[in-house]
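Please examine the sequence and the structure shown below before reading on. The paragraphs after it are meant to be read with both in view.

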Amino acid sequence: MTPHAVSSVFSLFARTSSALLTQCVSGCAVNLEIKMAMMSGVDHVAIRVSDMERSVAFYRDLLGWEVVMDLRLDGSGMEVALQTPGVQVHNVMLRKDALGMIELVQVHSPDVAPYDGKRRPLDVGGIFTLSLNVEDIDACYEELRAKGVEFHSAPATIEVPGLGTTKIVFFSDPDGVAIELVQAEGTSLNK
């Protein structure tokens with residue numbers, strides 16, 4: 001697991017001073033309390049991409065994110081961090097108002113196979129979905145469809161037990177990462 005992945009996982013617990021984790025040891029459940037007092041929030045989510053220009057155009061031009069950093073990293077430090085000889089990394093950070101930041105990462109290495117252009121299988125590890133809150137899902141859906149975005153379906157209303165209803169719709173970025181638009185009607189756990 002990369003340092004970014006580790007920090008992203010632990011950042012999910014940032015709004016609480018501690019989190020209870022359950023660890024299975026020799027078939028017995030043991031509760032461990034981990035103090036998270038030093039963490040204050042999620043800094044960003046990193047998404048690995050196969051074609052940086054195509055992905056930047058998608059997130060910047062179609063979804064309206066602003067590029068705030070574009071850099072290339074290589075050398076022995078990156079080789080040690082990623083445990084890959086000869087690795088080169090192209091990073092682009094994008095920001096969207098109050099949504100925060102995402103990082104697009106393209107890894108160049110003799111050991112990295114090219115992306116086959118298919119939607120990511122659901123049983124493969126990694127980011128499941130990038131969920132974005134919207135105020136009017138139907139208007140956002142129509143605007144993005146007019147720009148050429150292909151959705152998996154039309155917006156759907158779902159019942160969230162104990163919280164009420166919400167409307168969601170999914171589409172994919174150029175590398176198959178699912179992006180979910182969410183119009184929460186009292187169901188968001190982030191509020």
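The model is predicted: local features need pLDDT of at least 70, side-chain atom pairs count only at pLDDT 80 or more, and totals for chains, interfaces and linings use all residues. Residues are numbered from 1 along each chain as its sequence is written, and side-chain values use heavy atoms, with hydrogens and water left out.

The protein chain has four helices and 10 strands. Helices (H or I, at least four residues) and strands (E, at least two) are DSSP runs, numbered from the N terminus. Read from that terminus, the order of elements is α-β-β-β-α-β-α-β-β-β-α-β-β-β. Of the 191 residues, 28% are buried; here buried means under 20% relative accessible area, exposed means over 50%, and partly exposed lies in between (1.4 Å probe, protein chains only). The chain exposes about 12,300 Å², of which carbon and sulfur atoms supply 55%; accessible areas come from the Shrake-Rupley method with a 1.4 Å probe, and for residues only the protein chains shown count as cover. A contact means heavy atoms within 4.5 Å. Among the contacts with a separation of 6 or more, 51% are between residues 24 or more positions apart.

Two strands pair if DSSP finds at least two bridges between them. Strand 3 pairs with strand 6 (residues 100-108) in the parallel sense over five bridges, and Arg 48 stands opposite Val 105 in strand 6.

Within strand 5 lies His 90. His 90 counts as buried because its relative accessibility is 6%. Its side chain makes polar contacts with the side chains of Asp 70 at 2.7 Å and Arg 72 at 3.4 Å. A polar contact is a pair of N or O atoms within 3.5 Å; within protein, one must be able to donate a hydrogen and the other to accept it, and residues adjacent in sequence count only if both atoms are side-chain atoms. Not counting residues up to four places away in sequence, His 90 also touches residues including Met 52, Leu 104 and Val 105.

Another open sheet of four strands has the order 7-10-9-8, again with mixed pairing. Strand 7 (129-133) and strand 8 each have a single partner strand, so one side of each is left without a neighbour in the sheet. Neighbouring strands are turned by 35° against each other on average, direction ignored. Strand 7 runs parallel to strand 10 (residues 178-184), joined by five bridges, and Leu 132 stands opposite Leu 181 in strand 10. Strand 8 (residues 156-160) and strand 9 run antiparallel, also joined by five bridges. Their hairpin has three residues between the strands, and Gly 162 in it takes a positive phi near 85°.

Thr 165 is the bridge partner of Glu 159 and counts as partly exposed because its relative accessibility is 27%. Lys 167 is found in strand 9 (residues 164-172) and is buried, because its relative accessible area is 17%. The side chain of Lys 167 makes a polar contact of 2.8 Å with the side chain of Asp 138.

The largest nonpolar core has 25 residues, of which Tyr 59, Leu 63, Leu 104, Phe 151, Phe 171 and Leu 181 touch the most other members. Such a core is a set of buried Ala, Val, Leu, Ile, Met, Phe, Trp, Tyr and Cys residues joined through side-chain atoms within 4.5 Å. Helix 2 gives the largest share, four residues. Phe 151 touches residues including Tyr 141, Phe 171 and Leu 181, not counting residues up to four places away in sequence.

Key: Axes fitted to C-alpha atoms, helices over the stretch in contact; angles between N-to-C directions.
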